Amino acid sequence: MATIDDILLDFETIDDWEERYRYLIELGRGLPAMSPSGHDEANKVRGCASQVWLETSIERPDGGVPVLTFRGDSDAHIVKGLVAVILALFSGRTATEILSLDPEATFKSLSLREHLTPQRSNGVNSMVERIRRDARAAAAAA
């Protein structure tokens, strides 16, 4: 899976938005497969026009602060690529890091907002809010 820094660098070198969409689709294809059991109602993200699932794992290395790892999937190719971008941004971070991140700065660097339909933009917001909700719950349980 690509890191957020890799994605930012790749977007800088791709000028054409048709090519960027193809790149997003490739990012989505590179996501690790979710198990069939992960495609359940509990993991389904509400507020997305396409179907999106996010699975959250919480670990506490050495009993310390919670680190959240996410897996995701979608039934739509471009949305699955957006899932990959969001996972690259948030997965593997502590709950505190997740809550302090400003994803809008990253989306602005990628020029995503102005090239997404309102429905896809709402879906991105729903995914980010779901991740933040999970981070808040993990931080509260710490």
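Predicted model: local features only at pLDDT ≥ 70, side-chain atom pairs only at ≥ 80, totals over all residues.
The protein chain comprises six helices and three strands, which follow one another along the sequence in the pattern α-α-β-β-α-β-α-α-α. Its C-alpha atoms occupy a box of roughly 45 × 30 × 25 Å along the principal axes. The radius of gyration is 15 Å; because a compact globule of 142 residues would have a value near 14 Å, the chain agrees with that expectation. Buried residues account for 43% of the 142 residues. Among contacts with a separation of 6 or more, 60% join residues 24 or more positions apart.

The three strands form an open sheet in the order β1-β2-β3, with antiparallel pairing. The edge strands are β1 and β3 (93-94), each of which pairs on one side only. Between β1 and β2 the antiparallel pairing extends over eight bridges. Within this pairing, V52 is located opposite S74 of β2, and S57 is located opposite T69 of β2. The antiparallel pairing of β2 with β3 comprises two bridges, and L68 stands opposite R93 in β3. Strand β2 is mostly covered, as six of its eight residues are buried.

Helix α3 lies across β1, β2 and β3 and runs at about 175 degrees to β2. Helix α6 also packs on the sheet, where it touches β1 and β2, and its direction makes about 20 degrees with that of β1.

The largest nonpolar core contains 39 residues, of which I7, L24, I86, F90, L112, V124 and M127 touch the most other members. Two or more residues are contributed to this core by each of α1 (4-13), α2 (17-29), β1 (52-59), β2 (67-74), α3 (77-90), α4 (95-100), α5 (103-110) and α6 (118-141). The greatest contribution is that of α3, which supplies 11 residues. When neighbours within four places in sequence are left aside, V124 is in contact with L82, I86, F107, R113 and L116. One of these partners, I86, is itself among the core residues that touch the most other members.

The structure holds three aromatic pairs. In one of them, F11 and W17 adopt an edge-to-face arrangement, with 5.9 Å from centre to centre and 70 degrees between the planes. Both F11 and W17 are buried. Ring pairs join F11 and W17 with Y21 and Y23 in a cluster.

Residue S111 is placed in the loop between α5 and α6. With a relative accessible area of 18%, S111 is classed as buried, because the cut-off for that class is under 20%. Residues up to four places away in sequence being excluded, S111 touches W17 and R20.

Technical notes. Residues numbered from 1 in each chain as written. Heavy atoms only, no water. Core = buried A, V, L, I, M, F, W, Y, C linked by side-chain atoms within 4.5 Å. Buried < 20%, exposed > 50% of the residue type's maximum accessible area, 1.4 Å probe, protein only. Helix = DSSP H or I, 4+ residues; strand = E, 2+ residues; numbered from the N terminus. Contact = heavy atoms within 4.5 Å. Pairing = 2+ DSSP bridges. Axes fitted to C-alpha atoms, helices over the stretch in contact; angles between N-to-C directions. Phe/Tyr/Trp six-rings, centres within 6.5 Å; stacked < 30°, edge-to-face > 60°. Rg over C-alpha atoms; globule rule 2.2 N^0.38 Å.
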